[in-house]
Amino acid sequence: MVVALLSITTHLYVANAADPPLLQDFCVGTNDPNASGFHIRGDTNTTLGAEATLVDVNRFPALNTLGVALARIDFGPFGLNTPHLHPRGSEIFAVLEGTLYAGIVTSNYTLYDAVLRKGDMIVFPQGLIHFQLNLGKSKAFAVASFGSQNPGRVNIADGVFGTRPRILDDVLTKGFQVDETVIERLRAQFLSKNLSTNTGRSIIKLLAQEDYLADDTY
C-alpha cells in the first residue's frame with residue numbers, strides 16, 4: 001500500500017490559482033475622494049424601488065490592481081435589488097439600516113434565504129444568483145464589498161429579456177414553455193422604450209436574413 005501511494009504521488013502536479021502579484025503599491029486614480037459617487041444616495045423612485053451603486057475599477061481607478069470593489073444599495077419601502085449574479089467576484093453584504101429578505105440560489109437550484117436586520121451580514125459566492133428585498137415601510141441601506149476590482153453584474157431578467165440583439169423567440173418560447181405573446185409582454189418590461197416590442201426574432205427570420213434555406217439535411 002505504501003509503495004502504491006508513493007507511485008501515485010510521484011505523478012502529481014501542483015497548480016496555483018491566485019491573482020497576479022502587484023506591480024506597484026497602489027494606483028493613484030484621482031485626487032477627489034468623492035469621484036466614485038459612493039456618497040450619493042441611490043434613486044429608489046423606480047419600478048423596483050432600489051438602486052445598487054457599484055464602485056469598481058471602472059468607476060474608481062484607484063482600485064486598479066488591488067482586487068477589491070465596493071457597492072452601496074439603497075432601498076425604498078419594499079424595494080427589490082433584483083435577482084442577479086457577479087461573474088468575477090464573491091460578495092459580503094452588510095445591512096446598515098432596515099430589515100431585508102435575502103436569498104441565494106445554488107448550482108443545484110436550492111434556495112438559501114434569511115431575514116437580515118441592522119448589523120447582519122451574508123455572503124454571496126461568485127457566480128450564484130442572489131437578491132434582497134426590503135421588508136419595511138421605510139427606507140433601508142446596505143453596503144457590499146467584493147473580492148475583485150471588477151466583479152461585474154448580470155441581472156437575470158435583463159439577461160434573458162433585455163438583450164440586443166434579442167434571443168431567438170424559438171429559444172425563449174421553448175425554454176419557458178409559453179407562447180410568443182407572453183415573451184413579448186416580458187420583453188416590454190426590460191427593453192428600451194425606443195425599441196419596438198413587435199420585432200421578435202425567430203429561426204425562420206434569422207435564416208432569411210442570412211439567405212439560408214431551412215432543410216433537414218444538416
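This is a short tour of one structure, stop by stop. The model is predicted.

**Stop 1: the largest pocket**

Start by selecting L48, A50, T82, N155 and D158. These residues lie nearest the centre of the largest pocket. The lining has 16 residues in total. The pocket's volume is about 420 Å³.

Now colour strands β1 (50-55) and β3 (80-85), then helices α2 (156-161) and α4 (180-190). Each of these elements gives two or more residues to the lining. What classes of residue make up the lining? The lining has 6 nonpolar, 6 polar and 4 charged residues.

**Stop 2: a nonpolar patch**

Next, select L22, F26, L66 and V68. Together they make a nonpolar surface patch of about 360 Å². Click on L66. This residue is in the loop between β1 and β2 (69-75). Is L66 buried or partly exposed? Its relative accessibility is 37%, so L66 counts as partly exposed.

**Stop 3: salt bridges**

The structure holds 6 salt bridges. Three of them are on this tour.

Select R41 and D74. They form a salt bridge, and the closest N and O atoms are 3.8 Å apart. R41 sits in the loop between α1 (2-9) and β1, while D74 is in strand β2. The two are 33 residues apart, so the pair links distant parts of the chain. R41 counts as exposed, because its relative accessibility is 52% and the exposed class is over 50%. D74 is buried, because its relative accessible area is 1% and the buried class is under 20%.

Move to K118 and E97. In this salt bridge the closest N and O atoms are 3.4 Å apart. K118 lies in the loop between β6 (111-116) and β7 (121-124). E97 belongs to strand β4 (residues 91-97). The parts are 21 residues apart in sequence, so the pair ties them together. K118 is exposed, at 57% relative accessible area. E97 is partly exposed, at 39%.

Now select R166 and E184. Their side chains meet in a salt bridge, 3.4 Å from N to O. R166 is in the loop between α2 and α3 (169-176), and E184 is in helix α4. They are 18 residues apart, and the pair links distant parts of the chain. Are R166 and E184 buried or exposed? Both are buried. Salt bridges with shared partners join R166, D169, E184 and R187 into one network.

**Stop 4: a cis peptide bond**

Go to R164 and P165. The peptide bond from R164 to P165 is cis, with omega near -5 degrees. P165 is placed in the loop between α2 and α3.

**Stop 5: two positive phi angles**

Select F78. Although F78 is not a glycine, its phi is positive, about 60 degrees. F78 is in the loop between β2 and β3. This residue counts as partly exposed, at 47% relative accessibility.

Finish with Y109. Where is Y109 placed? Look in the loop between β5 (100-105) and β6. Y109 is not a glycine either, yet it has a positive phi of about 65 degrees. Y109 is exposed, because its relative accessible area is 74% and the exposed class is over 50%.

Notes
Residues are numbered from 1 along each chain as its sequence is written. This is a predicted model: local features need pLDDT of at least 70, side-chain atom pairs count only at pLDDT 80 or more; totals for chains, interfaces and linings use all residues. Side-chain values use heavy atoms; hydrogens and water are left out. On a 1 Å grid over the protein atoms alone, a cavity is a set of points where a 1.4 Å probe fits but cannot get out, and a pocket is an open set with protein on both sides within 12 Å along at least five of seven lines; lining residues have an atom within 4 Å of a point. Grid points are joined across faces, edges and corners, and a volume is the space filled by probe spheres set on the points. Helices (H or I, at least four residues) and strands (E, at least two) are DSSP runs, numbered from the N terminus. Ala, Val, Leu, Ile, Met, Phe, Trp, Tyr, Cys and Pro count as nonpolar, Asp, Glu, Lys and Arg as charged, and the others, Gly among them, as polar. Patches are made of residues with over 30% relative accessible area and no salt bridge: like charges are joined within 9 Å, nonpolar side chains (Val, Leu, Ile, Met, Phe, Trp, Tyr) within 5 Å. Accessible areas come from the Shrake-Rupley method with a 1.4 Å probe; for residues, only the protein chains shown count as cover. A salt bridge is a side-chain nitrogen of Lys or Arg within 4 Å of a carboxyl oxygen of Asp or Glu. Buried means under 20% relative accessible area, exposed over 50%, partly exposed in between (1.4 Å probe, protein chains only).
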